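Subject: A structure for you to look at

Hi,

Here is the structure I promised to pass on. Please open it next to this email and follow along as you read.

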Amino acid sequence: MARTGKNAWSLFLLLLAGVVLGSLIAQLTSGVSALSWLSFGQTFGLDTPLTLDLGVLVLTFGLKIKFTIAGILGIILAAIIYRFL
């Protein structure tokens, strides 16, 4: 029996697509003076990755997240699209 309707995976994929498209738009409009406000944002995370050397195994940890206006707008648009699907 097929399940129809909304599920968590479709929401996750739509939000991920919104983030990716938003950051693409932010990169494309960073050079345009009238639309450069879309690329305004803040970066959180580690500037240099943490390295744990265990002799046999070397683990490197790093995470950096950049929030931009266009990325936030992409998330909002994806949530609106999810609601109407």
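A definition first: two strands pair if DSSP finds at least two bridges between them. Helices (H or I, at least four residues) and strands (E, at least two) are themselves DSSP runs, numbered from the N terminus.

With that in hand, look at strand β2 (residues 50–53), which pairs with β3 in the antiparallel sense over four bridges.

Now some background. This is a predicted model, where local features need pLDDT of at least 70 and side-chain atom pairs count only at pLDDT 80 or more, while totals for chains, interfaces and linings use all residues. Residues are numbered from 1 along each chain as its sequence is written, and side-chain values use heavy atoms, with hydrogens and water left out.

How confident is the prediction? The score, pLDDT, is the predictor's confidence in each residue, from 0 to 100. The protein has a mean pLDDT of 89, and 94% of its residues reach 70 or more. Where pLDDT is low, the predicted coordinates should not be read in detail.

Next, the overall picture. The protein has two helices and four strands, running α-β-β-β-β-α from the N terminus on. Its radius of gyration (taken over C-alpha atoms) is 18 Å, well over the 12 Å that the globule rule (2.2 Å times the number of residues to the power 0.38) gives for 85 residues, so the protein is more spread out than a compact globule. The C-alpha atoms fill a box of roughly 55 × 50 × 15 Å along the principal axes.

Finally, is T68 buried or exposed? T68, which sits in strand β4, is buried, with a relative accessible area of 7%. Leaving aside residues up to four places away in sequence, T68 touches A26, L38, S39, F40 and G41, where contact means heavy atoms within 4.5 Å. The side chain of T68 also reaches the backbone nitrogen of G71 at 3.1 Å.

Enjoy exploring, and write back with any questions!

Best wishes

Technical notes: Buried < 20%, exposed > 50% of the residue type's maximum accessible area, 1.4 Å probe, protein only. Polar contact = N/O pair within 3.5 Å; in protein donor to acceptor, adjacent residues only side chain to side chain.
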